[in-house]
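Here is a short briefing on the fold and on selected residues. Please look over the sequence and the coordinates before reading on.

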Amino acid sequence: VLLSATYQAHAPGVEPEGLAAAVALCCDAARDHGPPGARCWLSVGPYGAALADGSEYTGAYSLGTGAVEALAAAYDRQVSALLATPRSNEAEGVAFETIPCLPEAVAAARVACVDQSLACACDVW
């Protein structure tokens with residue numbers, strides 16, 4: 001499995017062209033240079049990766065009682081941006097990486113299982 005290296009790609013700071021280039025590179029590497037059966041997966045990182053304060057490892061985000069909703073909205077934006085790239089249909093699935101706390105796990109599961117565009121588009125890991 002090759003990951004698209006888009007772990008820290010959280011809107012609004014990421015240009016669509018950058019996401020598209022990362023996805024294309026991953027797909028090309030899996031197809032042209034990987035071992036037989038190599039697959040590209042779209043990489044989605046934790047909310048804290050955008051904060052650049054180490055909180056992606058602890059989940060200490062200070063989001064209060066609306067944490068799950070805020071985290072799910074952040075994941076939804078990140079996944080939607082990845083799925084909007086021109087070659088996202090060539091990826092095998094979406095990998096949610098480094099889930100540091102229960103609210104984040106619930107938010108990722110909510111987006112993975114409820115978001116119709118994701119549920120219909122690919123596998124989730």
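Leu 2 stands opposite Cys 40 in strand 2. This is a predicted model, in which local features need pLDDT of at least 70, side-chain atom pairs count only at pLDDT 80 or more, and totals for chains, interfaces and linings use all residues. Residues are numbered from 1 along each chain as its sequence is written, and side-chain values use heavy atoms, with hydrogens and water left out.

**Sheet**

- Strand 1 and strand 2 (residues 40–44) are paired in the parallel sense, over 2 bridges. Pairing here requires that DSSP finds at least two bridges between two strands.
- Strands (E, at least two residues) and helices (H or I, at least four) are DSSP runs, numbered from the N terminus.
- The open sheet has 4 strands in the order 1-2-3-4, with parallel pairing. Its edge strands are strand 1 (2–3) and strand 4 (123–124), and each pairs on one side only.
- Strand 2 also pairs with strand 3 in the parallel sense, over 4 bridges. Within strand 3, Phe 96 stands opposite Val 44.
- From strand 3, Gly 93 and Ala 95 point one way, while Val 94 and Phe 96 point the other way. All of them are buried. Buried means under 20% relative accessible area, exposed means over 50%, and partly exposed lies in between (1.4 Å probe, protein chains only).

**Helices on the sheet**

- Strand 1 and strand 2 pair over 2 bridges. Helix 1 (residues 16–32) packs on the sheet and touches strand 1 and strand 2. Its direction makes about 150 degrees with that of strand 2.
- Helix 2 (residues 67–83) packs on the sheet too, touching strand 2 and strand 3 (93–96). The direction of helix 2 makes about 150 degrees with that of strand 2.
- Contact means heavy atoms within 4.5 Å. Axes are lines fitted to C-alpha atoms, for helices over the stretch in contact, and angles run from 0 to 180 degrees between N-to-C directions.
- The buried residues of helix 1 are Leu 19, Ala 22, Val 23, Ala 24, Cys 26, Cys 27 and Ala 30. They pack against strand 1, strand 2 and helix 2.
- An α-helix has 3.6 residues a turn, so residues three or four places apart point the same way.
- The 17 residues of helix 1 should span 24 Å at 1.5 Å a residue, and its end C-alpha atoms are 24 Å apart, which agrees. The expected span is 1.5 Å times one less than the number of residues.

**Whole chain**

- The protein chain has 4 helices and 4 strands. Along the sequence, the pattern reads β-α-β-α-β-α-α-β.
- The radius of gyration is 14 Å, close to the 14 Å from the globule rule for 125 residues, so the chain is as compact as a globular protein of that length. The radius is taken over C-alpha atoms, and the rule is 2.2 Å times the number of residues to the power 0.38.
- The C-alpha atoms fill a box of roughly 45 × 30 × 25 Å along the principal axes.
- Of the 125 residues, 41% count as buried.
- Among contacts between residues at least 6 apart in sequence, 77% join residues at least 24 apart.
- The chain exposes about 6,500 Å², and carbon and sulfur atoms supply 58% of it. Accessible areas come from the Shrake-Rupley method with a 1.4 Å probe; for residues, only the protein chains shown count as cover.

**Selected residues**

- Gln 78 is in helix 2. It is buried, with a relative accessible area of 2%. Beyond its neighbours within four places in sequence, Gln 78 is in contact with Thr 6, Tyr 7, Ala 9, His 10, Ser 43, Val 44 and Gly 45.
- Val 14 lies in the loop between strand 1 and helix 1. At 27% relative accessibility, Val 14 counts as partly exposed. Not counting residues up to four places away in sequence, Val 14 touches Gln 8, Ala 9 and Leu 19.
- Ala 5 is in the loop between strand 1 and helix 1. Its phi is positive, about 60 degrees, although Ala 5 is not a glycine. Ala 5 is exposed, with a relative accessible area of 70%.
- Ser 62 is in the loop between strand 2 and helix 2. Its phi is near 55 degrees, a positive value in a residue other than glycine. Ser 62 counts as exposed, at 77% relative accessibility.
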